[in-house]
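Please look over the sequence and the model shown below before reading on. The report is meant for a reader who is meeting this structure for the first time.

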Amino acid sequence: MFALLAGLSACSSDPNRPNMLEGLVNKSDEAEPDPTFLAYQQAGAPAYLVSLEAKDKAYTVFVRQTTNAKGEETWISLDKLSLGMKNGMIIATRGMGGDQLAGDPSQTLAALKAGRNGITERFVTLLNGESQAETLAFRCEVERQRQVNVDLGPYTADTDLFYETCRNGQIRFRNLFWVERGSRNLVQSRQWISETVGTLALRAIPR
């Protein structure tokens, strides 16, 4: 863990540099760690290192808490934030302010798993200015860029880097996914949450 954190200081969101996690709201120095998080961490639950790119050195660790029958996972942090995820794709956030209430990136995930380019649709539910849930539809282009080696600490992952560029007429964003060859797992990503939160960067922590 300390080796991964130390490596963040020299990273950036430049897709040409695979170790791009730098600077979530780093509350770990201000509050007692969540005991539920500690229990799952000590039990060896899968984990991600996550950062909020809009804030310098704002990062935290999430561990997987539950998985339902649909394969949807709940991940919790030591500072009581939570993520909904499925196969490495964020489908909800809680506790960050301006959260993504729900998301459906299933078409993009299918393209990444198949290792192919394509045009997809992505649906994101956010709170609008009247504090009502509003679902936005985005048309996205998924494109493989190149092969990239990602240093995960215990081993170096051989990955394909994909860009996902999404638009809906008013909002435009780009997600990045490093997909490990062979397993097709997402070992690292950069995923847009909302205009308020911005982008989260995630890196799998190998066990």
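The sections below cover the model, its nonpolar core, its disulfide, its aromatic pairs and one asparagine.

## The model

This is a predicted model, in which local features need pLDDT of at least 70 and side-chain atom pairs count only at pLDDT 80 or more, while totals for chains, interfaces and linings use all residues. Residues are numbered from 1 along each chain as its sequence is written, and side-chain values use heavy atoms, with hydrogens and water left out.

## The nonpolar core

The largest nonpolar core has 16 residues, and those with the most contacts inside it are Tyr48, Val50, Phe62, Leu83, Met85, Leu200 and Leu202. At least two residues of this core come from each of β1 (47–52), β4 (82–86) and β12 (198–205). A nonpolar core here is a set of buried Ala, Val, Leu, Ile, Met, Phe, Trp, Tyr and Cys residues joined through side-chain atoms within 4.5 Å; buried means under 20% relative accessible area, exposed over 50%, and partly exposed in between, with a 1.4 Å probe and protein chains only. Strands are DSSP runs (E, at least two residues), numbered from the N terminus.

## The disulfide

The structure holds one disulfide, a term for a pair of cysteine sulfur atoms within 2.5 Å. Cysteine 140 and cysteine 166 form this link, with their sulfur atoms 2.1 Å apart, and with 110° about the S-S bond it is right-handed. Because cysteine 140 lies in strand β8 (residues 133–151) and cysteine 166 in strand β9 (residues 156–167), the pair ties together parts that are 26 residues apart in sequence. Both cysteine 140 and cysteine 166 are buried.

## The aromatic pairs

A search of the whole structure finds four aromatic pairs. Rings of Phe, Tyr and Trp (its six-membered ring) pair if their centres lie within 6.5 Å, and planes under 30 degrees apart count as stacked, over 60 as edge-to-face and the rest as tilted. The rings of phenylalanine 138 and phenylalanine 173 have centres 5.1 Å apart and planes at 70°, so this pair is edge-to-face.

Phenylalanine 173 also forms a stacked pair with tryptophan 192, at 4.3 Å centre to centre and 10° between the planes. Since phenylalanine 173 lies in strand β10 and tryptophan 192 in strand β11 (residues 186–194), this pair ties together parts that are 19 residues apart in sequence. Phe138, Phe173 and Trp192 form one aromatic cluster.

## Asparagine 175

Asparagine 175 is placed in strand β10 and, at 0% relative accessibility, counts as buried. A polar atom of its side chain lies 2.7 Å from the backbone nitrogen of tryptophan 192.

Key: Helices (H or I, at least four residues) and strands (E, at least two) are DSSP runs, numbered from the N terminus. A polar contact is a pair of N or O atoms within 3.5 Å; within protein, one must be able to donate a hydrogen and the other to accept it, and residues adjacent in sequence count only if both atoms are side-chain atoms.
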